[in-house]
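Here are my notes on this model, point by point. Please keep the structure open as you read.

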Amino acid sequence: MLKLLSKKLNRTLFTTPSHGQKAPFLPNLNNFYKWDFSEIEGYDNLLNPNGAILMAEGKASDIYDTKKTFFLTQGSTTGILAILKTVLKFNDKVLVARNCHKSVYSGLVLTGAVVDWFMPDTKSDIAKNFGIMGKIDPEELKDTLKLNQYKAFIMTSPTYDGISSDIEEISKICKSYGVLLIVDEAHGALYNFSDFFPKTAIQQGADFSVNSLHKNAGGLNQCALLHVSKDCPYDWREIQNSINLFHTSSPSYPMIANIEANINFLISNKGIKAIDELVLNNLKFQRELKEEGFEFLNEECADVTKIVLKLNGADCSKISDILFEDYNIEDEISSEFSCLYLTGIGTTKAKLDKLKNALIDVKNKKFDKIVQNEAKIPEFQPYPLVKLQPFEAFNKDYVYVEKEKAPLMVSSEMLVPYPPGIGVLYPGEAIQKEHLKYLNDDVGVIKL
């Protein structure tokens, strides 16, 4: 694909897109526009590849050691939807970790599957100290699978905050109960390319996984991959058909080329060196800030490209505000308990030094502005009380009630703080008192 795009195209095109491969209103993007074709003769088709794209995906499958790796130009969301559509039929029962992305909920609506929710760790010191959900406990999973029959278990690893679960053990448990394992590995796009990271979900026995190259691997927004393991019982053509249900019929050729180039870079000596430098720079950053009193997630369970930190006695949301207002530094997400700084291929040592110096400056000179007024304990979302399945709730009529009257009524609203895109409350679930702080004065509830 890259070779095709790099060739000068001496054609007079009366095709979509009709912008003539240039943008008079955005001249700085002309280099991008000149690669922006549709499915013109000889340039293959992402939804039915049989030429350059098929070869590029085949090379990617060799690199990731999969039965098939698909290129996606609409993010990992498309991959999740396609996997669920392939695997799940109406009324199939599925177990889903509650810290999964909202795209899983969308897949449940579309397939008519019946969901049980599985809660990740919220009781460990890591969860309590940093205010984040943790790992999937394999023993708890085993107990759940003993008592119920499921078609699949869907989970996220690494989490948004970089915590990886023991996929290898989880995979063994799932296989022993005949349960497919689907892993949202969107944030683990670098795991295949460095020993600094855990093995990939596919390497540890998952049947399906997705990667988002734009998270930390250097890709453009929406560049993603869907991986199918060699042991997966589904034919790749079934999955391609499912992808085609959700994917645009006009995929971006610059993005397809970006995916191919991104993978080729990551597997190259230059790419591997860049990843190693990123990791070493991040570890140095953490060591230096630990000396200043900052705390970080345990390196053994965290992706080092995700910098999750806290400072004793400080409200981390106030640190976030000051860094943004006074130092022009924006984090990925923050709470009273921790700040998350997402790093990747584009994160230089100079960029990390700027953040480090700003954090030290705030700690030494502005602590009075970030001090925590009172010690608080993180509140995690409660176990969901499912009254209607996602597909049942989707088209139900609803009315609005005052927030004070909403508890134990069935929500018609989806509460998904973004980032990270993880549902706190979905339609069809009973509203609990823990949800009230997220709701407007008037709350949508389903008419039963």
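1. Start with helix 13 and helix 14. Ile 319, Ile 322, Leu 323 and Tyr 327 in helix 13 meet Lys 354, Leu 355, Ala 358, Leu 359, Asp 361 and Val 362 in helix 14. Contact here means heavy atoms within 4.5 Å. By class, this contact of helix 13 with helix 14 holds eight nonpolar, no polar and two charged residues. Ala, Val, Leu, Ile, Met, Phe, Trp, Tyr, Cys and Pro count as nonpolar, Asp, Glu, Lys and Arg as charged, and the others, Gly among them, as polar.

2. A word on the source. This is a predicted model, where local features need pLDDT of at least 70 and side-chain atom pairs count only at pLDDT 80 or more, while totals for chains, interfaces and linings use all residues. Residues are numbered from 1 along each chain as its sequence is written, and side-chain values use heavy atoms, with hydrogens and water left out.

3. Now the geometry of that pair. Helix 13 (residues 316-327) packs on helix 14 at an angle of about 115°, with the axes 11 Å apart. Helices are DSSP runs (H or I, at least four residues), numbered from the N terminus. Axes are lines fitted to C-alpha atoms over the stretch in contact, and angles run from 0 to 180 degrees between N-to-C directions. Helix 13 and helix 14 are therefore roughly perpendicular to each other (65 to 115 degrees).

4. Helix 14 has another partner. Helix 12 (residues 269-290) and helix 14 (residues 349-365) pack at about 15°, with their axes 10 Å apart. Helix 12 and helix 14 are therefore roughly parallel (angles under 35 degrees). Among the residues that meet are Phe 285 and Leu 289 in helix 12, and Leu 352 and Ile 360 in helix 14. The contact of helix 12 with helix 14 divides into six nonpolar, two polar and four charged residues.

5. Next, the largest nonpolar core. A nonpolar core is a set of buried Ala, Val, Leu, Ile, Met, Phe, Trp, Tyr and Cys residues joined through side-chain atoms within 4.5 Å. Buried means under 20% relative accessible area (1.4 Å probe, protein chains only). Of its 50 residues, Val 94, Phe 153, Met 155, Leu 181, Phe 208 and Leu 226 touch the most other members. Helix 4 (residues 75-87) gives the largest share, five residues. Apart from this core lies another, of 30 residues, including Phe 71 and Leu 278.

6. Last, a loop residue. Asp 36 sits between helix 2 (30-33) and helix 3 (52-64). Is Asp 36 buried or exposed? Asp 36 counts as buried, at 18% relative accessibility.

Technical notes: Helices (H or I, at least four residues) and strands (E, at least two) are DSSP runs, numbered from the N terminus. Angles under 35 degrees count as roughly parallel, over 145 as roughly antiparallel, 65 to 115 as roughly perpendicular and the rest as oblique.
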